[in-house]
Each structure stands twice: as structure tokens, then as C-alpha cells.
Amino acid sequence: MAGSQLRIASRRSQLAMVQTHWVRDELAKAHAGLEITIEAMATQGDKILDVALAKIGDKGLFTKELEAQMLVDRADIAVHSLKDLPTNLPEGLMLGCITEREDPADALVVHEKHKDKTLATLPEGAVVGTSSLRRLAQLRHHYPHLTFKDVRGNVITRLEKLDSGEFDCLILAAAGLGRLGLSDRIHELIDPSISLHAVGQGALGIECRDGDAKVLEQIKVLEHVPTARRCLAERAFLRELEGGCQVPIGVNTRFEGDELVLTGMVASLDGKRLIRDQVQGDQTNPEALGIDLAHKLKAQGAGEILEEIFATVRPEA
């Protein structure tokens, strides 16, 4: 690799930069002499902080600007939180690598005054901060006595809002808190029986130009096959349901022997209707499992629920 160069596009948020620096450092260890540069930029999702994510669209909200850099040959790869990467990528780009997954669970972070509480024992009317329709719908289903309020901004900004008393608790990704060195703020990991996680949550996705053999060879050292199989099943499930990042669709994947078990959920925004099922099968064909599960949920009414949601949250043309 002597004399080779690799240009990385990244969001400039603190978490994104931590993740991108990890990718850079791991690639530098694997490829002696590889010169790696990082181009950090703000995406649309980073700039619009006063509107709920679902109201400003969900297709590539945190990825479009990074993808543009690759398409005009100003970057070779882009590092994403895989849960932010749409399942249908722009022509000419591909998901080249999926890294080993951190804990994909959702985490409860509480204000100091609730340190003796759990999610199940928070008082009626306690204000829960989340920007995720997936978390919102599931928690409304299980805890209708709680009050939910949209919260935007990066993780540090959200924690500051919590500590100032604007919220009683927040629901955040455990993986993001861990990568920022904030695992001590996790008060409770939310059990999958209550909240199925987002598609791809906890893993990083490295996007590159389709068929760029040199770059694919460089980044393949970070591929984690068990994680990739789990995430490809999840992404196929989401793609088949035609759901974007900002819809109440949750998943959980685990291995049982040689088989992959995929659990999926679709819920209405008010949490009153929640459809959940699972499939199990050959882990070497994960996308077929995702498609099968999507069909099972559609047969139970998931399509109708999603159409109602799209009619409610899609921004006006």
C-alpha cells in the first residue's frame, strides 16, 4: 500500500468524528504507508435542529452530503452510523463494509432526581426525550402514562438539556454513549421485549463507490461477518417494508447455532397498534430472512400502519 491515499468523508459531529477516527486508525494499522485524510462536514440533519426529524424527510438526512463527495471524486469512502444509512443507496455507490457491532440496545438516561427509578417506575407524566418515532411508538405502547417530547442536537447537547431539567429522562443508543466515553450515564439498558432497536444500530457502515476494487480491498479488513449478516437481514427487512430511518420499525437479531433469528416490529405512532413477529433460518442468506419477515408483518397489517404514518409525517412537497 506504499504511496496509497484514502480520503474519508464524515459528519463533523463529535460522535461521527470519534467513529471516523477509529476507522482511520484501524485502517492505518492494517495498511502501512497508507495516507488517510478526513473531510468533515455538516449534513442537512445536522443543520436543521428546530424541526422533528420525521418532518424534514428521512432519505439520506445524514448521508447525502457525504455521498456527493464520493460521486464527484473528492472522497473515497464515507463512515456512517449504519442506522442512518438508507437501505437504497444512490446509483454508483455501495455499502462496502460493516464493522463489528457494539451493543445495539436503547439506553435510559435519567435526571439526577430519578436515579432511584427505572423506566417502568417513572412517575406519571414524566417527560421522556427522544427524536425517534421507533422509540416513541414502542414506549407509548408499554408506558402510555409517560409524556414524550422531541429532542434534537448531538448527544452532548441532549444530555445538557436533560441535566438542566428540560426532560426527566432521555432514550439514547447505548453504542453512541459508549463510543463517547459516557457509558456511566447509562441508567438502564432497555430490554428488547420493550424496545427493539433500529436497523443497523451499534454498527458502522463504510460506503464507497460501486466496484472500486482498490478501496474495497483496503476497507475489507474491518468487515465483521457475523455483524454483517445480522445487519443485512435487518436492512432487507426495512427495505421490503419501504420504511425510511424515521419510521416506527424495530428489529433484533441473534444467532442460535448455525441459524439467524430475526425479530421485527411495526407500530402506529400512538403505540396502540404494534405488530411483532420473527423468522429463523440460514445465516448465510440473511437478506431472504429479512424479506420473509417483512412479508409476515405485511400479512398482519403492517403496510396499512406504515401508510398512515407516511401520510402524517411526510413533509409537504
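Start by selecting Gln201: at 1% relative accessibility, this residue counts as buried, because anything under 20% does. Keep in mind as you click around that this is a predicted model.

Where along the chain are you? Gln201 sits in the loop that links strand 9 (188-189) to strand 10 (204-209). Now show the side chain and look for its polar partners. A polar atom of the Gln201 side chain is 2.8 Å from the backbone oxygen of Pro104. Next, select Asp106: its side chain and that of Gln201 make a polar contact of 3.0 Å.

Which other residues touch Gln201? Leaving aside neighbours within four places in sequence, its contacts include Lys83, Arg101, Ala105, Arg134, Arg135 and Ala173.

Follow the chain on from the loop into strand 10. You've landed in an open sheet of 5 strands, in the order 2-1-3-10-4, with mixed pairing. Colour strand 2 (35-41) and strand 4 (93-98): they stand at the edges with a single partner strand each, so one side of each has no neighbour in the sheet. From one strand to the next, the twist averages 30°.

Strands of a sheet pair through backbone hydrogen bonds, either parallel or antiparallel. Which sense do you see between strand 3 (residues 77-81) and strand 10? These two are antiparallel, with 5 bridges.

Now bring up helix 3 (residues 64-71). Helix 3 lies across strand 1 (5-11), strand 2, strand 3, strand 4 and strand 10, and runs at about 165° to strand 3.

How many bridges join strand 12 (residues 259-267) and strand 13? There are 9, in the antiparallel sense. Pick Gly264 and you'll find Asp277 of strand 13 opposite.

**Last click**

Select Phe167 and look over the face of its ring. What is there? Lys149, at 5.1 Å from the ring centre.

Note on methods. Residues numbered from 1 in each chain as written. Predicted model: local features only at pLDDT ≥ 70, side-chain atom pairs only at ≥ 80, totals over all residues. Heavy atoms only, no water. Helix = DSSP H or I, 4+ residues; strand = E, 2+ residues; numbered from the N terminus. Buried < 20%, exposed > 50% of the residue type's maximum accessible area, 1.4 Å probe, protein only. Polar contact = N/O pair within 3.5 Å; in protein donor to acceptor, adjacent residues only side chain to side chain. Contact = heavy atoms within 4.5 Å. Lys NZ or Arg CZ within 6 Å of the ring centre and 35° of its normal. Pairing = 2+ DSSP bridges. Axes fitted to C-alpha atoms, helices over the stretch in contact; angles between N-to-C directions.
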